Each structure stands twice: as structure tokens, then as C-alpha cells.
Amino acid sequence: MGGCAKEDVSYLDRRFSKKVRDNVHGNIYLDPLSLKFVDTEEFQRLRDLKQLGLTYMVYPGAVHSRFEHSLGVFSLAGEAVHRIKAQQGSELGIDNLDIQTVKLAGLLHDVGHGPFSHMFEHEFLHQISHGIKWRHEDMSVRMIDHIVDFHHIDIDAECLKKAKEMVIASTEHVSHRSVNEKHFLYDIVANGRNGIDVDKFDYIVRDSRACGLGCSFQIERLMDSMRVMGDEICYRDKDYLTIFKLFSSRADLHRTVYTHAKVKAIELMFVDSLIKADDYLQISSKIQDPAEFWKIDDSILKTIEVSHEQELKEARDLILRIRKRDLYQFCNEFSVPKDKLEHFKDITPQDIVCSQGNGDITLKEEDVAVCNVKIDLTRGRSNPLENFLYYQDFESNEKFPVHDYRISHLLPAFCEDRIVRVYSKNPDLVKTVSEAFENFQLKTYGMKAQKTSNKDIPKIVENLELAC
């Protein structure tokens with residue numbers, strides 16, 4: 001029997017665990033099986049992947065890593081399943097194998113991430129993979145198998161299988177499980193049913209703290225409220241607003257941190273740099289092979305920056321521009337009208353160039369960068385809170401939905417924003433690109449939805465520079 005044997009209770013005894021001090025959750029105790037994964041070069045690589053990618057170039061404190069986050073999710077996953085077992089373990093049949101499996105899923109859920117967080121997956125590979133669909137969750141599963149095989153980790157086959165299923169539960173949610181399969185366990189780390197999971201619990205608090213922002217979301221309140229009813233984790237009805245704060249805090253982070261106008265300018269430049277460097281460094285050729293993929297981390301920026309190879313000159317020049325703060329210049333943005341969201345398609349540089357009026361300067365697509373930003377509460381235009389079931393108190397055996405109008409009339413009636421930002425790659429073309437962007441809005445929507453006029457653009461650029 002492998003390392004997840006039911007009779008092996010060593011992971012419950014701190015004498016056999018390794019203590020790690022975390023600045024968010026305090027002491028985290030790693031059990032022997034988890035340590036076998038942590039003490040591999042593939043997992044240690046997460047120390048060299050910044051949780052928020054290039055955000056640290058705008059928010060200097062955002063230098064925490066995927067390593068810290070993974071330990072945090074491991075800790076919260078273990079705490080969640082332990083609390084459920086303490087309250088309902090006998091009726092739910094939760095055993096030590098279940099506890100170890102959930103903890104492993106929390107520990108390993110991000111082991112397949114690429115350099116600079118989601119930018120690698122959603123921006124770089126999206127442009128260069130030519131239709132190939134690649135998700136870090138799928139790579140995490142392949143990486144887990146690679147670690148087990150390469151390092152000969154002794155682990156129960158069922159434990160391994162279920163842990164991998166839990167990692168991809170939010171992307172390939174399986175709704176046809178029997179009650180005996182303890183479906184609720186699959187909602188703890190990556191919840192595809194309603195989007196509330198310990199992964200969000202950790203990164204919302206951790207990212208807010210690293211960026212110097214306040215966070216009104218209370219992890220402890222929801223952890224205390226978890227109760228399994230009908231193979232589904234439910235919460236007390238009085239915690240409705242706490243759950244709303246979870247999703248609204250996430251949306252605030254997206255608006256103020258993850259999609260900050262200057263963060264996106266830097267990301268656009270670095271993606272262009274990676275694309276120019278790809279033929280020489282063969283970055284994209286490594287995305288399917290775990291044995292090669294784990295060797296790619298955030299140090300790729302420095303590799304390009306210090307290289308003397310002529311093949312990397314264009315990529316190197318872009319990084320030098322980032323270092324000198326000679327960034328792509330923000331021209332303007334607009335929020336897509338609510339009635340146009342259903343059929344909205346991402347705006348491209350070609351759309352902007354084709355909207356140029358008569359003038360002395362003729363724009364080319366390579367002069368323009370466009371960032372299409374989506375901010376929601378995890379369910380697009382749908383309210384994620386409508387997917388939750390609640391109970392009244394711990395004596396109650398009935399679960400029920402709670403509708404917004406029963407809670408507050410101040411809750412949002414709409415749950416998604418689409419923002420289009422346009423940048424000029426050449427600072428001398430800001431006015432020309434801005435006018436073309438304005439023409440595009442008039443042609444497409446019959447109005448200028450942007451927040452400012454062209455005369456305000458120099459002031460916007462100045463303010464963005466001062467902000468950083």
C-alpha cells in the first residue's frame with residue numbers, strides 16, 4: 001500500500017511533520033507524503049514563479065510566489081476537510097485517505113503554471129500556439145504524474161487519481177457522481193459547481209496583503225459555516241454577504257491590481273518580447289513535456305535581458321524599454337455598453353487601424369496594442385450567488401437558495417464588465433491612435449463610450465507615470 005494508506009496516521013501527528021511559518025496562515029505542517037512532493041525540483045520551481053507575474057513592477061510588494069500560495073491552499077484544504085469531518089465525519093464517511101487526497105490536491109493544484117502566472121497561458125500561448133488549447137490545470141496533472149514517476153514516490157493509486165481529478169474539478173466538473181463518491185470533496189480546492197473554494201480564500205487575502213490593500217473578506221467565518229447537505233457544501237444563510245464579499249473582493253483585485261492599466265502595458269510588452277524570442281529559445285516547444293516544462297520559470301526575463309545573441313536583440317530591446325519605463329503608451333479605454341455584451345468580440349489592433357481617418361500618418365497594426373479586459377464575479381454575466389444553497393442553523397436539515405432581493409437592494413444587478421484599452425507602441429503616435437480608437441467607437445456603437453477626450457490623454461499618461 002502506498003503513502004496514502006488509511007492506517008497511516010503519521011500525517012496527523014506533528015512529530016512526523018515539518019513546520020513552515022507562513023505570513024498569512026501562521027504555522028503550516030507538512031506531512032511526510034506531502035514533503036516528498038515539496039522536496040522535488042519540480043515543486044521547488046514554484047519559488048521562482050511570482051504569483052502575480054509582472055504586477056510587482058507596479059505594486060512593489062507583489063513578489064510572493066506560487067510556492068507560498070500552494071502551501072497556503074494546502075493548509076486551508078486540510079483545515080476545511082478536518083472541520084467537516086469533526087462535525088459530520090461519521091455520517092459522511094470521511095477517512096484519512098480523503099484528508100490526504102484533498103491536501104495533496106491543494107498542494108499541487110498550481111504545479112503546472114508557466115512563467116509570470118496567467119500571462120504565459122492567456123496572452124503568450126494564446127498568440128503563438130495557433131489554436132492549441134493549453135491550460136495550466138492540465139499541465140499540473142501531467143506534472144504530478146511526472147513527479148511521481150521520476151522520483152519514485154510511493155502513493156496509493158486511488159489517492160493519486162482522485163487528487164488529480166480535484167485539481168481539474170473547476171475546468172472539467174463532473175456532475176454525475178454518486179453520493180458514495182463524496183462529491184463535496186471535489187469542491188474544496190477547485191470548485192466547478194459554484195466557484196467558492198480554498199484556492200480563492202488564499203489568493204484573495206494573500207494578494208491583497210502583498211499589494212498593500214485592505215480585504216473585508218473573512219476566511220474564518222466561511223470555514224466555520226461549511227456544512228455538507230446532499231453531497232454539497234452549504235453555508236449558513238446569514239453568511240450570504242460574506243460570500244458576496246469573496247467575489248466582490250476578487251473583482252476589485254482584478255480591476256485595481258491584475259488589470260491595472262500600467263500592469264497590462266508591461267505585460268503587452270513582455271509578451272511581444274517572448275514572441276520575438278520564441279524561435280531562438282524554443283519556449284513554446286516545451287509546453288507539452290513536463291520534463292522540459294519545469295525548467296522554464298520567471299528567470300526567462302533575465303535570460304533574454306543579459307543575452308548577447310543577435311537573435312534576441314528585438315526581444316532584449318523591449319525588456320530594456322520596460323526597465324527604463326519607456327512603456328507602450330495608454331491612449332484611452334471604454335467600457336462596452338451593457339446591451340452590447342452578449343455579442344461582443346475582442347477588439348484587435350486591425351479594428352483600430354481600419355478606423356483611422358484621413359491624416360498625414362498611416363497607422364500599421366504593429367503600432368497598436370489592444371487589451372480586452374473582462375471583470376466579473378466568476379460566472380460572467382450570471383450572479384454566482386444564485387448557485388449556492390444555504391441552511392438556517394446547525395439544527396436545520398433543509399437547504400434552500402437565497403435571492404438578492406431578500407438580502408439587500410444595494411447588491412449589483414449586473415455582474416460583468418468588459419473594458420477595452422488601447423495603447424500606442426510608439427509614444428509619438430498616441431494622438432493618432434487615440435483618434436482612430438475614437439472613430440472605431442463611433443462606427444461600432446454610434447457613440448464615444450470612453451471616459452475621456454483626446455485633450456485629456458497627456459494628463460492620463462502623466463498620472464499613470466506618477467502612480468508608479
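In this predicted model, the buried residues of helix 8 are covered by elements that include strand 1 (18–22), helix 3 (66–92), helix 9 (219–225) and helix 10 (240–258). Helix 8 is mostly covered, with 12 of its 13 residues buried. The buried positions are Val198, Asp199, Lys200, Phe201, Asp202, Tyr203, Ile204, Val205, Arg206, Asp207, Ser208 and Ala210. Helix 8 comprises residues 198–210, and at 1.5 Å a residue its 13 residues should span 18 Å; the C-alpha atoms at its ends lie 18 Å apart, so the two values agree. Just after helix 8, a positive phi of about 75° is found at Gly212.

Phe201 of helix 8 also belongs to the largest nonpolar core, which holds 124 residues. Phe201 is among the residues that touch the most other members of this core, together with Phe37, Leu107, Ile188 and Phe270. When residues up to four places away in sequence are not counted, Phe37 touches Phe43, Leu104, Leu107, Leu108, Ile147, Val148, Ile153 and Ile155.

The crossing of helix 6 past helix 7 is right-handed. At the contact, Glu137, Ser140, Val141, Ile144, Asp145 and Val148 of helix 6 meet Leu160, Lys164 and Val167 of helix 7. Val148 of helix 6 is also one of the residues touched by Phe37.

Terms used. Residues are numbered from 1 along each chain as its sequence is written. This is a predicted model: local features need pLDDT of at least 70, side-chain atom pairs count only at pLDDT 80 or more; totals for chains, interfaces and linings use all residues. Side-chain values use heavy atoms; hydrogens and water are left out. A nonpolar core is a set of buried Ala, Val, Leu, Ile, Met, Phe, Trp, Tyr and Cys residues joined through side-chain atoms within 4.5 Å. Buried means under 20% relative accessible area, exposed over 50%, partly exposed in between (1.4 Å probe, protein chains only). Contact means heavy atoms within 4.5 Å. Helices (H or I, at least four residues) and strands (E, at least two) are DSSP runs, numbered from the N terminus. The expected span of a helix is 1.5 Å times one less than its number of residues. A crossing is left-handed if the near helix is turned anticlockwise from the far one by less than a right angle, and right-handed if clockwise.
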